[in-house]
Amino acid sequence: MTTIGFIRHGITAWNKEGREQGRLDIPLHQEGIIAAQMLAKRIANEQWDAIFTSPLARAQQTAEIIAKQHGNIPLWIDARLCEIGTGMIEGTTEQERIAKWGIHWQNVELGIEPEQEIITRCETFLQYIQQQFPTECILVVSHGDLLQQFLQLLLPKHNLPRMHNTALTVIELTKSENKLLLFNYTGH
């Protein structure tokens, strides 16, 4: 069976400001680099066979820090792990969205990536991982909104909150019911 360790990228300046990043390529804040280094040390002696990461800088930097600490672990960039495209709200705060589109801005057509496209991205990635790595332990470094979609697909009976930055969630994929081994761990 495949085991996947899902990691949300380290914190960015925009995370700290409450600014929607979406597909904008925002690098890690120094605090995010330090947290990624701490996570890398925490899992350095665990068995992980490969790392897959979003191509966006904040996720890729996090993955590279982990890979460096973990030795010769293969690192692959996969566009399916990119954050959800949030259209016209990218770069804005909640207050700015309310000022521009009103308190019910979520009901306005703002060019956000359709949910079915997001689900399809997640499903094709999971199928690939299970086919190519049927017995391995894989790390996936991605983004808050997309990771939430992965969790909903893999653990439909759970109502899990959003993952924190540099949090680790580990799920064992089985034929019957996936097993949540660790959720939103940030004690590194």
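The largest pocket of this predicted model has a volume of about 210 Å³, where a pocket is an open set of points on a 1 Å grid over the protein atoms alone at which a 1.4 Å probe fits, with protein on both sides within 12 Å along at least five of seven lines, and a volume is the space filled by probe spheres set on the points. Because the model is predicted, local features need pLDDT of at least 70 and side-chain atom pairs count only at pLDDT 80 or more, while totals for chains, interfaces and linings use all residues. Residues are numbered from 1 along each chain as its sequence is written, and side-chain values use heavy atoms, with hydrogens and water left out.

**Pocket lining**
- Lining residues, which have an atom within 4 Å of a point, number 16 for the largest pocket, and N15, R19, E20, Q21 and R162 lie nearest its centre.
- Helix 1 (13-17) and helix 6 (144-154) are the elements that give two or more residues to this lining, helices (H or I, at least four residues) and strands (E, at least two) being DSSP runs numbered from the N terminus.

**Helix 2**
- Helix 2 (residues 30-43) has 14 residues that should span 20 Å at 1.5 Å a residue, and its end C-alpha atoms are 20 Å apart, which agrees; the expected span is 1.5 Å times one less than the number of residues.
- Its buried residues (under 20% relative accessible area with a 1.4 Å probe, protein chains only) are G32, A35, A36, L39, A40 and I43.
- Seen down the axis of helix 2, these buried residues fall within an arc of 145°, so they line one face of the helix; the arc is that of the directions from the helix axis to the C-beta atoms.
- The cover over them includes strand 1 (3-8), helix 3 (57-69), strand 4 (137-142) and strand 5 (168-172).

**Helix 6**
- Helix 6 is mostly covered, with eight of its 11 residues buried, and these pack against strand 1, helix 5 (115-132), strand 4, strand 5 and strand 6 (179-185).

**Single residues**
- L24, in the loop between helix 1 and helix 2, counts as partly exposed at 31% relative accessibility, a class that runs between buried and exposed (over 50%).
- Apart from neighbours within four places in sequence, L24 is in contact (heavy atoms within 4.5 Å) with W14, L56, R58, E90 and G91.
- T166, in the loop between helix 6 and strand 5, is not a glycine but has a positive phi of about 55°, and T166 is buried at 5% relative accessible area.
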